[in-house]
Amino acid sequence: MTTPLAELAQLISSGVKTLEDAYTKQGIPFPSLDAPFQPTPLDFDPALFQTAHLIVAAASQLIATVRSPMETVQAYAASMHVTSTLGFVVDADIPDVLRDAGSKGLHVKELAAVNGVDADSQARVLRFLATRHVFKEVAPNTFANNRVSSLLVKTKSLKEIKADPEAKYDGAPVAAIVASTGDESLKASGYLSEFLRNPGADLSAFNTAFKTPATMWEWREEPHNVWRARRFAVGMKGGGDMFPASIFTEGVAGDKLPADALIVDVGGSVGSVTLKLAKVFPHLRYIVQDLQKEITEGEKFWASSAPELLASKRVQLQVHNFFEPQPVKDAAVYFMRVVIHDWPDVTAKEIMANTRKAAGANSKLVLFDCVMPYACVTPGAPPVPSPLLPNLGVAGAGFVTALDIEMMTVFNGKERTVDEFRALGEATGWKLEEVKPGMLFAFVFSAC
Ligand SMILES: C[S@@+](CC[C@H](N)C(=O)[O-])C[C@H]1O[C@@H](n2cnc3c(N)ncnc32)[C@H](O)[C@@H]1O
């Protein structure tokens, strides 16, 4: 008779065989955890991605099953130290110093000579992370980058970082997001319990932590936070690059629109999604809207990525607060990528209603956002192998549930179910016509 433990072990061993067979067929070894990340032709193979997902789902469930619950609680309760130590290593440029050291690594005394941080403290932080498979301790107190930590390396040299520390995250979206999370998000999360237990006492845990009545967006616009706005814009641009362009091109369906039809990227940050669209649909016109600081970053972004599109006015950047009346009337498409999840229902409705007031009879609203999958069996959800959690646990829903708590913590926002998106539309004059599933879902609304 098979048992849940044996079923989980079987899922892992059959998945491992599938992965190893695929790499053997290509004549390449499966990437080692010990070496810095190197792209392989199989990185984006969707079937292998799914296999890896199942292995992670089964392995996480196996660990939760066999480990003493006390150990599990201890590990989870202290997991903020993962965030804080990751934030520290990117701020102290440790992956960047180790990049230059190669596989031999560097003793913490040598690290300290470069970044000025106490050697023993660095050894303890790096050992904590190496124990969790980020960095490798190659000899006592000597550390090297591994496959995971190599993703934290910035694009600028140490010399460039030293010359202009405020610009150090430019071009390094992974490091930028890790640094923001270790800063604003971690500080705010310390107040989550107070926030939830005292409804109405503050706007979000972020507001309590930073003693401000401003939203995080407004706060980042303040002069003392210019560097934070810059860092976040880098991270958001990287977020855009993470998703296949097809999500956005199919969601906006620009091939069905006539020449010069107008697309508005509402809360578009620097406009990285618009850039993807403009490459595929050069016959359309685009306006990227955001607050002043993001648009200032956007000017630099377009000057380096596609200056000709700004010069020809095919793409325009516009400072616009989406709580004010939408100045662009009757656009073919208004779209928002991961904007609505930043806001609670009452505010999300204001944003959608402002867009609706500007829309024409044929305008569409397209929202790109994650969808929250329940952790229990639900009608219509894709089947998963027994005995895995119906949402595949951390493999299937780890990212979206973490993002949901992030939204709750810093904005009192949320990740929503399909029904919740439909209800937001119904309350604001938008009829949900189509839902296109993917890494990000596309919700296509028409004016009603
Ligand atoms: C999560 S980011 C998404 C950015 C962009 N859509 C993307 O996917 O890269 C949310 C964006 O909303 C913008 N935002 C926040 N409050 C705003 C407001 N009141 N008016 C316009 N944009 C705003 C932020 O500046 C930020 O760029």
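In which helix is aspartate 183 found? Aspartate 183 is found in helix α9, where helices (H or I, at least four residues) and strands (E, at least two) are DSSP runs numbered from the N terminus. The model is predicted, so local features need pLDDT of at least 70 and side-chain atom pairs count only at pLDDT 80 or more, while totals for chains, interfaces and linings use all residues. Residues are numbered from 1 along each chain as its sequence is written, and side-chain values use heavy atoms, with hydrogens and water left out.

Aspartate 183 has a relative accessible area of 7% and is therefore buried; buried means under 20% relative accessible area, exposed over 50%, and partly exposed in between (1.4 Å probe, protein chains only). Setting aside residues up to four places away in sequence, aspartate 183 touches Trp227, Arg228 and Arg231, contact meaning heavy atoms within 4.5 Å.

Helix α9 (residues 173-189) also meets helix α4 (residues 80-91). Two packed helices are described by the angle between their axes and the distance between the axes. The axes of α4 and α9 come within 8 Å and cross at roughly 125 degrees; axes are lines fitted to C-alpha atoms, for helices over the stretch in contact, and angles run from 0 to 180 degrees between N-to-C directions. The two helices are therefore oblique to each other, given that angles under 35 degrees count as roughly parallel, over 145 as roughly antiparallel, 65 to 115 as roughly perpendicular and the rest as oblique. On the α4 side, Met80, Thr83, Ser84, Leu86, Gly87, Val90 and Asp91 take part, and they meet Ala175, Val178, Ala179, Thr181, Gly182 and Leu186 of α9. The residues of this contact divide into seven nonpolar, five polar and one charged: Ala, Val, Leu, Ile, Met, Phe, Trp, Tyr, Cys and Pro count as nonpolar, Asp, Glu, Lys and Arg as charged, and the others, Gly among them, as polar.

Helix α4 is also one of the elements against which the buried residues of α7 pack, together with α5 (94-101), α6 (108-115), β2 (136-139) and β3 (142-144). Those buried residues are Ala119, Gln122, Ala123, Val125, Leu126, Phe128, Leu129 and Ala130.

Two further residues complete this account. Arginine 230 lies in helix α13 (residues 226-242) and counts as buried because its relative accessibility is 18%. Beyond its neighbours within four places in sequence, arginine 230 is in contact with Glu166, Ala167, Asp170 and Glu297. Phenylalanine 49, in helix α2 (residues 46-66), counts as partly exposed at 47% relative accessibility.
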